[in-house]
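Q: Hi! Could you walk me through this one? I'd like to start with how the terms are set.

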Amino acid sequence: MAKINAPVYKNQELEGEVIDLTYQGMGVVKVEDYPIFVVDAVPGEVVKLGVTKVQKNFAFGRVIKRIRESDERNHEVNQAALTTGIAPLANLTYDAQLKFKQNQIQELFKKMHITATIEPTIGMENPIGYRNKAQVPVRKVRGQLTTGFYRRNSHQLVPIEDYYIQDPAIDAAIIVVRDLMRHYQLDAYDEETHTGDIRTIMVRRGYYSHEMMVVIVTRRNKLPVAEMLVEGIKKALPEVTSIIQNVNSEKTNLIMGSKNKTLWGADYITDTLWGKTFEIGPMSFYQVNPQTTEKLYSMAVEKAGLTGEELVIDAYSGIGTISLSVAAKARRVVGVEIVQGAVEDAKRNAKINGIENVEFELGKAEDKMVEWQAAELQPDVIFVDPPRKGLTPELIDAATGMQPTKIVYISCNPATLARDAEHLLANGYQIDGSVQPIDQFPQTTHIETVTVFIKA
C-alpha cells in the first residue's frame, strides 16, 4: 500500500480557521493548501480539530473545541439531524443557508465560464417540519426494533424520534407504528444476514388534505400479525386513509420493491397543488415540499410567458404536476415519463381534474425528444425537470433542434444545470433574465432553480 504524502496525519490535533463549506455542508480548514473537511464547522470559526481520516488529496476531521464561533452559527440545532446528515446545514442560520446556496450556484456557473445573474435564494417562512414524505429504516438496536437514520457515511442506525425537517404529524405516526411493531414483537431487518421482516416505514401526508398513507416495507410476502397491526394504526392515527405493504425481497440498498399490497383503505392519498387534485400512490414521485413547489411551478409558468396558443412539451412529466399546472395556459401539452405507473397516474389525474388538452406518453425523455424532432414536431415551449443527473446531450440536441421559443429548465442540481447550460448556449440559446434559486429543501444542501433559455 502506497504511503500517503499529506501534511497531516490521523489523530493529529491542530487549530485552523474554517474558510468555506463543501457542497455537503462540511467546513473546510486548509493546511498548506491541503483541505480538511470538518463536520459541524461554520465559515469564520477558528476550531481545534482532530484528524479522523487521511487521503491523498484531502482529510476528514472533527471539532474538539470552538475557539471562535461564527455569528452565522445556529445554536438551536438538532444534533441528530447533523450527525446523520438529515439536515447538514442546520448549524447555519437560515439567512446564511440561503446565501450559501446562491453562492454555490454562482461558483458553478463561474467555473463553466458562463455569465449569469444569480438572484438571492427565495426561502421559506418556516424552514423546518416541511417534508410531506418520510422513509425511515427499521433496524435492531440493543436488541430492540428501532427507527432512526444512519450516521453519516455509515450503516449505523441512530435512534431518532424528531426528524426536524419532516411534518411533525409524520414523526408522530412513525413512533406509533414503531411501538405497535415492538408490541407485537416483529423482527427488524438485518442487512448483513438478510434476515428479519420489517425493512422500512414510509409515511406520506397530504399538506392540504391531511390524508395519511402508511407503507410497511417487508422482506417477505407474509407480514406477521398484519390484521392487528392495521387495527392498531387505524385506532391510533385517524388521519390514515391508506395502509400498504411493499415487498422488497432483494439484498439491495433500494428502499422499495416493485410489489404493493393494500392492507386497508385506498391505494393512494389525494392532495391539491395549484388548485388541482392529485392522487399519490406509494411509488409516485411527488414534490416533498408542496409549499415551495407551488412557488416553483408558478414562477416557471410565469417565465414561460404562455398565452394559451402554445404547444408545450413537459419532459420528465411524472404524475403530471407541471403538465396539469400549465394546461389552462396552453393550447396542448404533451408529457413524457419513463415510469409506467407515473404515466397511468398522470392520465388519471388529468381525468380527475377534467383536463382534456394534455396527453402523456411512456418512454425515455431523450428518446421521445429525438423521435419528435424526426417527426418535425414544433413545440413553442419545452419544460424540463430532470433528476439530479441532469439532461443527456441527445435530449439537449433534439430539444434545441426543434427550435422552441423557450426552454424552461427546473433543476434540482446546480452542477448539472451549469453543465447543461454550457451545451444549450453552444446550441444557439441564451439565458433569458436571471437564474432564480428556490429553497425547496431547507436545512439541506439541495437547491432548486428556474432558468429560461431562449434562441440567441
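A: Helices (H or I, at least four residues) and strands (E, at least two) are DSSP runs, numbered from the N terminus. This is a predicted model, where local features need pLDDT of at least 70, side-chain atom pairs count only at pLDDT 80 or more, and totals for chains, interfaces and linings use all residues. Residues are numbered from 1 along each chain as its sequence is written, and side-chain values use heavy atoms, with hydrogens and water left out.

Q: Which residues of H7 are buried?

A: Ala342, Val343, Asp345, Ala346, Asn349 and Ala350, where buried means under 20% relative accessible area with a 1.4 Å probe, protein chains only. They cover an arc of only 160° around the axis, so they sit on the same side of H7; the arc is taken from the directions from the helix axis to the C-beta atoms.

Q: What do they pack against?

A: Strand S15 (276-280), helix H6 (321-326), strand S17 (332-337) and strand S18 (358-362), with contact meaning heavy atoms within 4.5 Å.

Q: Switching to strands: how many bridges join S5 and S6?

A: Eight, in the antiparallel sense; two strands pair if DSSP finds at least two bridges between them. S5 and S6 form a hairpin with four residues between them, and Val46 stands opposite Arg68 in S6.

Note on methods: Buried means under 20% relative accessible area, exposed over 50%, partly exposed in between (1.4 Å probe, protein chains only).
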